[in-house]
Amino acid sequence: QVQLVESGGGLVQPGGSLRLSCAASGNIFGIYVMGWYRQAPGKQRELVASITGGGNTNYADSVKGRFTISRDNAKITVYLQMNSLKPEDTAVYLCNADLFLGLGVRKNYWGQGTQVTVSS
């Protein structure tokens, strides 16, 4: 049974920083791609950033230069360092992982989400 456990959300003032973590546990062979999505009230879920097992990254234009995604393949963990946060970054942030489970099996998983609120 694979689980994604997220941590690091909270309330921060504009201009502040937060670091999100997402750790995958279970019988996992490796990472194909892990990433963070976010969903604000009344808006569609959007990709924030993703990183492949090989380290290739992809960012939404709205976060380029402010957010950095990284991963620890050994710990099967992905991090999202968020700097210069803006009120429009307020959303539930959800971890997504495309994982190799062995025997050629690859499956996609979602975390439960962590709230990020940027407000003064």
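Select F100 to begin: at 34% relative accessibility, F100 counts as partly exposed (buried is under 20% relative accessible area, exposed over 50%, partly exposed in between, with a 1.4 Å probe and protein chains only). Before moving on, note that this is a predicted model, where local features need pLDDT of at least 70, side-chain atom pairs count only at pLDDT 80 or more, and totals for chains, interfaces and linings use all residues. Residues are numbered from 1 along each chain as its sequence is written, and side-chain values use heavy atoms, leaving out hydrogens and water.

Y32 and F100 form an edge-to-face aromatic pair, 5.7 Å centre to centre with 85° between the planes (ring centres of Phe, Tyr or the six-membered ring of Trp within 6.5 Å; planes under 30 degrees apart are stacked, over 60 edge-to-face, the rest tilted). Y32 sits in strand β4 (residues 30–39) and F100 in strand β9 (residues 91–102), so the pair ties together parts 68 residues apart in sequence (strands are DSSP E runs of at least two residues, numbered from the N terminus).

Next, select T114, in strand β11 (residues 114–118). T114 is buried, at 12% relative accessibility. Show G9 as well: its backbone nitrogen lies 3.3 Å from a polar side-chain atom of T114.

Finish with two arginines. R19 lies over the face of Y79, 4.2 Å from the ring centre, and the charged end of R45 sits over the ring of W110, 4.6 Å from its centre (NZ of Lys or CZ of Arg within 6 Å of the ring centre and within 35 degrees of the ring normal).

Methods. Helix = DSSP H or I, 4+ residues; strand = E, 2+ residues; numbered from the N terminus. Polar contact = N/O pair within 3.5 Å; in protein donor to acceptor, adjacent residues only side chain to side chain.
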